[in-house]
Amino acid sequence: MVVEEDTIAAIATARGEASVGIIRVSGPQAAELVRKVFRLPSGAPCNLSSSRQLLYGTLVNSRSGEAVDEVMLLWMPGPRSYTAEDVAELQVHGGNQVVDAGLEVVLQAGARLADPGEFTKRAFLNGRIDLSQAEAVIDLIRAKTDLAARSALQQVKGHFGETIRALRKRLLSLQAHVEVTMDYPEHDVESVALAQVSEVGSELLGKIEELIQSAAVGRILREGVYTAIVGRPNVGKSSLLNALLRRERAIVTDIPGTTRDVVEEYINIRGIPLRLADTAGIRETEDVVEQIGVKRSREALQEAELALLVLNGSEPLSQDDVDLLRMSEGLRRVIAINKADLGLAVELEKVAEFAGDSPVVQISAKKMDGLAMLEETIEKLVLGSELSSAEIGYSTNARQAKLLSEAKSDLEVALSAAAQGATLDIIAVQLQSVYALLGLAIGEEAGEDLLDEIFSNFCLGK
Ligand SMILES: Nc1nc2c(ncn2[C@@H]2O[C@H](COP(=O)(O)OP(=O)(O)OP(=O)(O)O)[C@@H](O)[C@H]2O)c(=O)[nH]1
Ligand SMILES: [Mg+2]
């Protein structure tokens, strides 16, 4: 355990009026500090025990003796605490004035104001969690949907770290085998080692590839999928946005060209966060304002990671529809045939022909029909058919994925070297590099720069 000299403190709760506010203190002087600022109902300072405690009392200014608030004191002695150091949490009444005054007396009594993420950084430096777990704490706090939160929680619990450590263990014994053989270069011993590299190496490669694949899902869960609702005017794009949101967000009228600007909302579709953009209907127009809107619609379509192309099912396909079907070709898209409640006049075979691989779903945005089917289609398209939301465990983040890709290519070099019967020293160097890269993914030998970058993303008090 790295022993930090100073004791840090910060407000751990959000600002504003709330039932409680929490001031968190961590470090070697936490107990001494509590003795200075906390009084039991009898007026005496408390003797903290070596196990966890919850005490009622008064928070006082250690210089003037003046009471600041009545508080609950949560005492969590190290190493069984968030930071693995002695931690005290003072629960005060949740108003900005009270919380600020509480922090002030704690700082006066000798604590230093914590940097953002410093509590979690200490948990990492003290070896309670690995870096992937620390990163997952941010993901958990920022999760926009239940699915994203569940996936982050898996990571907080350390599943990614466990997987990586298991891979490294196998790699280490492979390395040992290779290195021992290097010292006894008889031909038959060497070929056994080469065969071992091929066998274990391919297995490890498969596992690394799986982890890299989970990065795609991870990015979706963290950032959401930018989704553009496009179509010609009056087909019901804004109605669809409202229907998916279950509230009247965008203006809907029967006048073509109602939506002029891009209207964006976050929405949770079966646990997948979508950044959903309703756009102006795309057509040739003389109206200057509408022209700008149409330009923005085209830009939104270009940026989109998913397009919901809306057609009016109660009319035959128009040239504008066909243009849009062509324009969105190659994009990940769902074709929504809207106004299905009015009876179908659109030529379904023609739509299917233009749709190619894209799924086609019939809906009525007005009557809220077919929305479950549409949502299910979106889920499948985004997560891939083989992966249902229930099966998502942890998801690799971009930093980890980059290291894993480098590890993958070094391992591939080792494998092809083994296949060509190269000398073992070449292979050993590659294996060492794979081992180090996997270690970096969970923060082993991570430099101060990387740590600063990661922990500066945290909020104060975490
Ligand atoms: N019957 C029926 N009418 C619908 C349906 N969806 C939308 N409408 C109507 O179609 C008209 C146009 O709807 P909007 O949602 O404004 O269409 P839009 O595509 O956003 O139109 P612009 O913003 O002008 O491009 C309105 O009168 C809606 O009530 C539907 O599923 N069934
Ligand atoms: Mg509209």
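Me: Let's begin with a loop. Where does P79 lie?

Reply: P79 sits in the loop between β5 (67–76) and β6 (87–94). Keep in mind that this is a predicted model.

Me: What about the peptide bond from G78 to P79, cis or trans?

Reply: That bond is cis, with omega near 0°. Most peptide bonds are trans.

Me: And R270, what is its phi near?

Reply: Phi of R270 is near 45°. That is a positive value in a residue other than glycine. Most residues other than glycine have a negative phi.

Me: Where does R270 lie?

Reply: In another loop: R270 falls between β9 (263–269) and β10 (272–278).

Me: Zooming out now. Which domains does the assignment give?

Reply: The domain assignment gives domain 1 (8–125), domain 2 (135–220 + 397–443) and domain 3 (224–391).

Me: What separates the centres of domain 1 and domain 3?

Reply: 52 Å, taken over C-alpha atoms.

Me: On to the ligand. Which residues come nearest to ligand 1?

Reply: K237, S239, G257, T258 and D341 come nearest, out of 23 residues around ligand 1.

Me: Which element gives the most to that shell?

Reply: Helix α8 (residues 237–245), with three residues.

Me: What classes make up the shell around ligand 1?

Reply: There are seven nonpolar, 11 polar and five charged residues in the shell.

Me: What does D341 do at the atom level? How far is its side chain from a nitrogen atom of ligand 1?

Reply: An N or O atom in the side chain of D341 is 2.8 Å from a nitrogen atom of ligand 1. N338 has a polar side-chain atom 3.1 Å from a nitrogen atom of the ligand. G281 uses its backbone: a polar atom there is 3.2 Å from an oxygen atom of ligand 1.

Me: How much of the accessible area of ligand 1 does the protein cover?

Reply: The protein covers 92% of the 650 Å² that ligand 1 has on its own.

Me: Which residues line the largest cavity?

Reply: Among them are I11, T13, R15, V20, G94, N96 and V99. Two elements give two or more residues to the lining, β2 (18–26) and α2 (96–108).

Me: Which of the elements gives the most to the lining?

Reply: β2, with three residues.

Me: And the classes in the lining of that cavity, what are they?

Reply: Five nonpolar, six polar and one charged.

How values were computed: Residues numbered from 1 in each chain as written. Chains lettered and ligands numbered in written order. Predicted model: local features only at pLDDT ≥ 70, side-chain atom pairs only at ≥ 80, totals over all residues. Heavy atoms only, no water. Domains from an automatic or database assignment. Near = heavy atom within 4 Å. Polar contact = N/O pair within 3.5 Å; in protein donor to acceptor, adjacent residues only side chain to side chain. Areas by Shrake-Rupley, 256 points an atom, 1.4 Å probe, with all protein chains shown as cover. Helix = DSSP H or I, 4+ residues; strand = E, 2+ residues; numbered from the N terminus. Nonpolar A, V, L, I, M, F, W, Y, C, P; charged D, E, K, R; others polar. 1 Å grid on protein atoms, 1.4 Å probe; cavity = no way out; pocket = protein on both sides within 12 Å on 5 of 7 lines; lining within 4 Å.
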